[in-house]
Amino acid sequence: MKNSSLYNNLVNECSRENVAKLLSVDSEVELNELYKHALNTKKQFTGNNIYLRGLIELSNICLKNCFYCGIRRGNGKVERYQMGFREIVDAAVYAWKNKFGSIVIQSGERNDKAFVLYIEELLEEIHRRTNHELGVTLSLGEQTEETYKRWFERGAHRYLLRIESSNEDLFYKIHPKDERHSYTKRLKALETIKKTGYQTGTGIMIGLPFQTIDHLADDLIFIKEFGIDMVGMGPYLEHEDTPLYEHRHLIPSSAVRFRRTLNMIASLRLLMPNINIASATALETLDPNGRIMALQAGANVFMPNLTPEENAINYFLYKNKPLYNGQVIKYLKDFEVKLQKSAQLIGYGEQGNSQRYAARV
Ligand code: 5AD
Ligand code: SF4
């Protein structure tokens, strides 16, 4: 089938069948056409600029035991760390001075009072030190409604909570089935985040064992129906110190996971033209140009890692996560040259809020 008619069908009727067809496109000519169409759609709705967020991974201490993740509680091989208050604020100020419009604060999941308070104080200090100019996204897992509110009131604008898979059966194949890893609770948390007023982000992993194309098509439909503002989704990368590793024979090849991720990004852009879509770090583990390619296929957010190296080496959710050795500014300069080939620029100093959020509130 010609892709142009597929795109039209998709806009008219976003069915599992139509989405699955887009995800299955694999001839070079059709892929180029799909990615180009997604890039043009992105430019039309969110502009030629790529939004920058500095990623700060403040701690790898996590109460959860997700079967896929290298820093799960059960992995005794990981040296645990918690960045100091000053160190985190310094990273945020560094982002602001270098005209990153936003930061993302990510961590393993903790729900204790001391942690909730620590984040509150951090938010206040970061905003004070950066003249209230920095956009702040939190990615700190499932919390109570009160906690989400407290952080929102202290100036966190966006919250990212990946559903990981919108299919309940698949969700329980990659998480333990217990109170701490409840599909229902996760969904509820995402609803609470939206209700609290955050720009709401979610995402999934692509190429998991047991995952089918129909699961992925349903994930995109879930994202659309839920009314998500921003998405981060990337390839699943097996980690030998996790339970899911035993099913590694069931995962697609690196090349297939890579292409499937780009197809997911491009299809989502066509389904939801004005949302923010991140170019996942995990793509770069599969291909050195992975993140550029995603930005040429519909993604519009780039998140360089600002976690100090001595901590970042202990935040391996998956193996071979890229590190910058303190060279992030140089890395960005090279990156910008590569971006110019698709007539895109880095939006220095722009917060880069989700246009979909602006349209819905
Ligand atoms: N491969 C790819 N992504 C992973 N994540 C965690 N472990 C892995 C892995 N092995 C992703 C999850 C989580 C995010 C912080 O990192 O989607 O939500
Ligand atoms: Fe913890 Fe997140 Fe890893 Fe799950 S994916 S174990 S919640 S850090």
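Predicted model: local features only at pLDDT ≥ 70, side-chain atom pairs only at ≥ 80, totals over all residues.
## Basis of the model

Local features require pLDDT of at least 70 and side-chain atom pairs count only at pLDDT 80 or more, whereas totals for chains, interfaces and linings use all residues. Residues are numbered from 1 along each chain as its sequence is written, chains are lettered from A and ligands numbered from 1 in the order in which they are written, and side-chain values use heavy atoms, with hydrogens and water left out.

## Surroundings of ligand 1

The residues around ligand 1 (a heavy atom within 4 Å) are Y68, C69, Q106, R162, E164, M205, P235, Y236, L237, L317 and Y318. Of this shell, eight are nonpolar (Ala, Val, Leu, Ile, Met, Phe, Trp, Tyr, Cys or Pro), one is polar and two are charged (Asp, Glu, Lys or Arg).

Polar contacts (N or O atoms within 3.5 Å) involve both nitrogen and oxygen of the ligand. A nitrogen atom of ligand 1 lies 3.0 Å from a backbone N or O atom of Y68, and a nitrogen atom is 2.8 Å from a polar backbone atom of L237. The side chain of R162 places an N or O atom 2.7 Å from a ligand oxygen atom. The protein buries 87% of the 400 Å² that ligand 1 exposes when taken alone (Shrake-Rupley, 1.4 Å probe).

## Strand β5

Strands are DSSP E runs of at least two residues, numbered from the N terminus; two strands pair if DSSP finds at least two bridges between them. Strand β5 (residues 199–202) runs parallel to β4 (residues 158–160), with three bridges, and parallel to β7 (residues 230–235), with two bridges. G201 stands opposite L160 in β4 and has M230 as its bridge partner in β7.

In a regular strand, side chains alternate between the two faces of the sheet. Q199 and G201 on one side of β5, and T200 and T202 on the other, are all buried, that is, under 20% relative accessible area (1.4 Å probe, protein chains only).

Definitions and conventions. Polar contact = N/O pair within 3.5 Å; in protein donor to acceptor, adjacent residues only side chain to side chain. Buried < 20%, exposed > 50% of the residue type's maximum accessible area, 1.4 Å probe, protein only. Helix = DSSP H or I, 4+ residues; strand = E, 2+ residues; numbered from the N terminus.
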